[in-house]
Amino acid sequence: MGKSTLVNALVPDANRAVGHVNAVTGRGRHTSSSTISYRVGSGWVVDTPGVRSFGLGHIDPSKILASFTDLATLAEECPRGCTHLPDAPDCAIAEAVTAGALGEVGKLRLDSFQRLITTLGSTSV
Ligand SMILES: Nc1nc2c(ncn2[C@@H]2O[C@H](COP(=O)(O)OP(=O)(O)O)[C@@H](O)[C@H]2O)c(=O)[nH]1
Ligand SMILES: [Mg+2]
Ligand SMILES: [Zn+2]
């Protein structure tokens, strides 16, 4: 799943072991054997071996947009009820990103955002 990889990126001294993903199942093999929490900013990040898949089904789609703060700003100009998906007419995010507003990384971020909300099966954000 990449939990330990993320923890290593967020906590430079963590040195968490990262493992291999089974090519057939797409699942990891629980490389981490311990649960450890690290202080990050004003919160905590916990690396645990006990989670092997990840879903966002319990997350409100609008919260996903809010977490992409650069895209959320652009979305203020979107038509009411815009899905922000590739087929959305006049999506202000797509127009701005295509025009280069956020540079090359903007295209990657829009793609990541669209894949996340597609996973949720949302109709409106
Ligand atoms: N393609 C891809 N591989 C990743 C990503 N994050 C982690 N990995 C790889 O997935 C494997 C498992 O990562 P790990 O951090 O040990 O997962 P954990 O078991 O959830 O802690 C390692 O081989 C990582 O290099 C990612 O974002 N993309
Ligand atoms: Mg791990
Ligand atoms: Zn939009």
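The structure is a predicted model, in which local features need pLDDT of at least 70, side-chain atom pairs count only at pLDDT 80 or more, and totals for chains, interfaces and linings use all residues. Residues are numbered from 1 along each chain as its sequence is written, while chains are lettered from A and ligands numbered from 1 in the order in which they are written.

**Overall make-up**
- The protein has 5 helices and 2 strands, where helices (H or I, at least four residues) and strands (E, at least two) are DSSP runs numbered from the N terminus.
- Along the sequence, these elements follow the pattern α-β-β-α-α-α-α.
- Of the 125 residues, 15% count as buried, a term that requires 20 or more other C-beta atoms within 10 Å of a residue's own, whereas 12 or fewer make a residue exposed and numbers in between make it partly exposed, with C-beta atoms placed from the backbone.

**Helix α1**
- In helix α1, which spans residues 3-10, the residues Lys3, Ser4 and Val7 are buried.
- These residues lie on the same side of α1, because they cover an arc of only 90° around the axis, the arc being that of the directions from the helix axis to the C-beta atoms.
- The buried residues of α1 pack against β1 (36-40) and β2 (43-47).

**Proline 79**
- Proline 79 is found in the loop between α3 (69-75) and α4 (92-98), and it counts as exposed because it has 11 C-beta neighbours inside 10 Å.
- Although proline 79 and alanine 92 are 13 residues apart along the chain, their C-alpha atoms are separated by 7.8 Å.

Technical notes:
Contact = placed C-beta atoms within 7 Å.
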